[in-house]
Structures are given as structure tokens and as C-alpha cells.
Amino acid sequence: KQVMQSLKAILEEAGYTFDQVVKTTILLDDLGNFAKVNEIYGGYFGEGAPARETYQVAKLPKGVAVEISCIAVK
């Protein structure tokens, strides 16, 4: 939830919304968490979710469990 809230704040500061996001990349330290992340993620995008890539990685900075980047267009 924190990652999505941070993305929301960044998007809003730049004058964007989640409706303008066209692609995301999700990095997980454990794909076993995919269902939970997907549920939270879907709550922000709904049925109009953008294109997405999801990968499991060996380690993320500062020991976090998930990292999400996005591309938005006006």
C-alpha cells in the first residue's frame, strides 16, 4: 500500500492521475506475494489497469519487498 500511495503522491505532484499511467513495472523479492500485490494494485487502477511487467528479483534496495515504477502520459 505504501508503494502505491507514494506513486499516487508523485503522480499528483506532477499533475497526473493513475488514469494517465500507461505502463508499470513491478519488482518483487518473492513472487509468492503476487496475489496480494495484485489485489492492492487493482484497487488503484480498477479495470483500466495499464500494461504491466512483473519480475522476481534477488534483492531490492534497502531490503524492501516491492518496487513499482510507472510511465504516465497526458
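**Confidence and ground rules**

I began with the confidence of this predicted model: the protein chain has a mean pLDDT of 95, and 100% of its residues reach 70 or more. For the record, pLDDT is the predictor's confidence in each residue, from 0 to 100. Among the elements of the chain, E1 has the highest mean pLDDT (98) and H2 the lowest (95). My element names are DSSP runs numbered from the N terminus, with helices (H or I) of at least four residues and strands (E) of at least two.

Two reminders on bookkeeping. Because the model is predicted, local features need pLDDT of at least 70 and side-chain atom pairs count only at pLDDT 80 or more, while totals for chains, interfaces and linings use all residues. Residues are numbered from 1 along each chain as its sequence is written, and side-chain values use heavy atoms, with hydrogens and water left out.

**The sheet**

I looked up the strand order next. The sheet is open and has three strands, ordered E2-E1-E3, with mixed pairing. Strand E2 (51–56) and strand E3 (66–72) are at the edges with a single partner strand each, so one side of each has no neighbour in the sheet. From one strand to the next, the twist averages 10°. I count two strands as paired if DSSP finds at least two bridges between them.

E1 and E2 run parallel and are joined by six bridges. In that pairing I found lysine 23 opposite alanine 51, and threonine 24 opposite arginine 52. E1 and E3 are antiparallel, over seven bridges. There, isoleucine 26 stands opposite isoleucine 68.

**Helices on the sheet**

Which strands does H2 touch as it packs on the sheet? I found E1 and E2, and the direction of H2 makes about 155° with that of E1. The angles run from 0 to 180 degrees between N-to-C directions, and the axes are lines fitted to C-alpha atoms, for helices over the stretch in contact. Contact, here and below, means heavy atoms within 4.5 Å.

I also noted a right-handed β-α-β unit made by E1, H2 and E2. Right-handed means that, with the strands pointing away from the viewer, the path from the first strand over the helix to the second runs clockwise.

**The core**

The largest nonpolar core holds 11 residues: Met4, Leu7, Leu11, Phe18, Val21, Ile26, Leu28, Val37, Tyr41, Phe45 and Ile68. Helix H1 (2–13), strand E1 (21–28) and helix H2 (34–45) are the elements that give two or more residues to this core. The criterion is a set of buried Ala, Val, Leu, Ile, Met, Phe, Trp, Tyr and Cys residues joined through side-chain atoms within 4.5 Å. Buried means under 20% relative accessible area, exposed over 50%, and partly exposed in between (1.4 Å probe, protein chains only).

Leaving aside neighbours within four places in sequence, leucine 7 is in contact with Phe18, Ile68 and Cys70.

**Single residues**

Is leucine 60 buried or exposed? Leucine 60 has a relative accessible area of 6%, so I logged it as buried. Leucine 60 lies in the loop between E2 and E3. Beyond neighbours within four places in sequence, the contacts of leucine 60 are Leu27, Leu28, Asp29, Ala65, Val66 and Glu67.

Lysine 62 lies in the loop between E2 and E3. Lysine 62 counts as exposed, at 86% relative accessibility. I flagged the phi of lysine 62, which is near 60°, a positive value in a residue other than glycine. Most residues other than glycine have a negative phi.

Tyrosine 55 is in strand E2, and at 41% relative accessibility tyrosine 55 is partly exposed. Outside four places in sequence, tyrosine 55 is in contact with Thr25, Ile26, Leu27, Leu28 and Leu31.

My last stop was glycine 48, in the loop between H2 and E2. Glycine 48 is exposed, with a relative accessible area of 63%.
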